[in-house]
Amino acid sequence: MVLHPHEIPVDESLVRSLVADQLPQWAGLPLSPAGAGTDNTMYRLGDELLVRVPRTAGNARAVRKEQEWLPRLAPLLPLPVPAVVHAGTPTDAFPLAWSVHRWIDGEVAGPGTVRDWAAFGTELAAFVRELHRTDLMGAVRAEGLDWYRGGSPRPCDEWVGGCLADCRRLVGAELDVDALEEVWRAGLALPGPDGPHGWLHGDLKPSNLLVRDGGLHAVIDFGGLSVGFPDAEHAALWDLPPAARLAYREALELDDVTWARARAWAVAVGVSGIPYYWDVLPAFVAECRARLRAVLAELAGTG
């Protein structure tokens, strides 16, 4: 399924050719699809490896970022994160960087996998706390580590406004887009974020949180890794049940202003995903709708 302009098609034969060319010792291992995200296509290689192939040149820049920084961050974090075992280089068949990671066993966070949502929220907060205060090791908010979610929301106002208009047309009968716009405007009106920059995961949605034995076991997909202010990091909490959200907020002691900015970011990310993926990825559109419903329910005091 093609999701982006200028996307490079990836299938099993291509992945086999990459492995055979650069990793001949693993060429005979079984290869099977392991899911496709919005940025990468994944194949499981044998029992212990995961091949991660970017969809576009922009996504390949994120792959290279993971290759550079994950080996340095992993020893400093309290939970498993992807371990890069091969930094794939471009070939004639595939002109972008790609990776092989160590396979991490676990299930995506959800109602059937998480035993206690309040405990899960506390566990996620503990990981985020450690990530945010991990030494930057010389990294700065530049050269690929300056993703928009680590900055001020004000430069995003024009495109968020366009996405809100699109959402009125597409889902206005289902969602109170005027109320969502009020959340965004309220966030813009707040004092801008301040304080020191830190490491940010960038996309802590449930599909990037792996569960084992009912609790948080690992955090994956660091393609959105950046350096910046933490407000947008908390936006994915509206993808989780209220009990997890409340426990997370209490564990990190987030004040009302920070939470309001995080809620505004949740709206921005949610409304941008709906029009972009409307025709190509209904499942992702459904996730965005659910996030926006959660924002509205919290405002109404029902979630």
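Val114 counts as buried, because its relative accessibility is 7% and residues under 20% are classed in this way. The model in which this value was computed is a predicted one. Val114 is found in the loop between β6 and α3. Leaving out residues up to four places away in sequence, Val114 touches Ala109, Phe120, Val211 and Gly214. Between Val114 and Leu124, which are 10 residues apart along the chain, the C-alpha separation is 12 Å.

**The three-stranded sheet**

Strand β6 belongs to an open sheet of three strands, ordered β6-β8-β9 and paired in the antiparallel sense. Its edges are formed by β6 (107-108) and β9, each of which pairs on one side only. Strand β8 (residues 209-212) is joined to β9 by four bridges in the antiparallel sense, and Leu209 has Val219 in β9 as its bridge partner. Helix α3 (residues 117-132) lies across β8 and β9, and its direction is at about 30° to β9.

Strand β9 (residues 215-219) contains His217. Is His217 buried or exposed? His217 counts as buried, since its relative accessibility is 17% and the limit for this class is under 20%. The side chain of His217 makes a polar contact with the side chain of Arg212, at 3.2 Å. Apart from neighbours within four places in sequence, the residues in contact with His217 are Leu79, Pro80, Ile104, Asp105, Leu210, Val211 and Arg212.

**The five-stranded sheet**

A further open sheet has five strands in the order β1-β2-β3-β5-β4, with antiparallel pairing. The strands at its edges, β1 (31-36) and β4 (84-88), each pair on one side only. From one strand to the next, the twist averages 20°. Helix α2 (residues 57-73) packs on this sheet and touches β2, β3 (49-54), β4 and β5 (98-102). The direction of α2 makes about 45° with that of β5.

| Strand pair | Bridges | Facing residues |
|---|---|---|
| β1 and β2, antiparallel | four bridges | Ser32 and Arg44 |
| β2 and β3, antiparallel | six bridges | Leu45 and Leu49 |
| β3 and β5, antiparallel | four bridges | Arg52 and Ser99 |

The hairpin of β2 and β3 has three residues between the strands, and Gly46 takes a positive phi near 65° there.

**Helix pairs around α5**

A pair of packed helices is described by the angle between the axes and by the distance between them. The axes of helix α5 (residues 177-189) and helix α8 (residues 282-300) come within 10 Å and cross at roughly 80°. Helix α5 is therefore roughly perpendicular to α8, because angles of 65 to 115 degrees fall in that class. On the α5 side the contact is made by Ala179, Leu180 and Val183, and on the α8 side by Leu292, Val295, Leu296 and Leu299. By class, this contact of α5 with α8 has seven nonpolar, no polar and no charged residues.

Helix α5 also packs with α4: the axes of α4 and α5 come within 10 Å and cross at roughly 170°. Helix α4 is therefore roughly antiparallel to α5, as angles over 145 degrees are so classed. Residues of α4 in this contact are Asp157, Val160, Leu164, Cys167 and Arg168, and those of α5 are Val177, Asp178, Leu180, Glu181, Trp184, Arg185 and Leu188. The contact of α4 with α5 has seven nonpolar, no polar and five charged residues.

Helix α4 (residues 157-171) also contains Gly161. With a relative accessible area of 23%, Gly161 is partly exposed. Gly161 and Thr113 lie 48 residues apart in sequence, and their C-alpha atoms are 36 Å apart in space.

Methods:
Residues numbered from 1 in each chain as written. Predicted model: local features only at pLDDT ≥ 70, side-chain atom pairs only at ≥ 80, totals over all residues. Heavy atoms only, no water. Pairing = 2+ DSSP bridges. Helix = DSSP H or I, 4+ residues; strand = E, 2+ residues; numbered from the N terminus. Axes fitted to C-alpha atoms, helices over the stretch in contact; angles between N-to-C directions. Contact = heavy atoms within 4.5 Å. Parallel < 35°, antiparallel > 145°, perpendicular 65-115°, else oblique. Nonpolar A, V, L, I, M, F, W, Y, C, P; charged D, E, K, R; others polar. Buried < 20%, exposed > 50% of the residue type's maximum accessible area, 1.4 Å probe, protein only. Polar contact = N/O pair within 3.5 Å; in protein donor to acceptor, adjacent residues only side chain to side chain.
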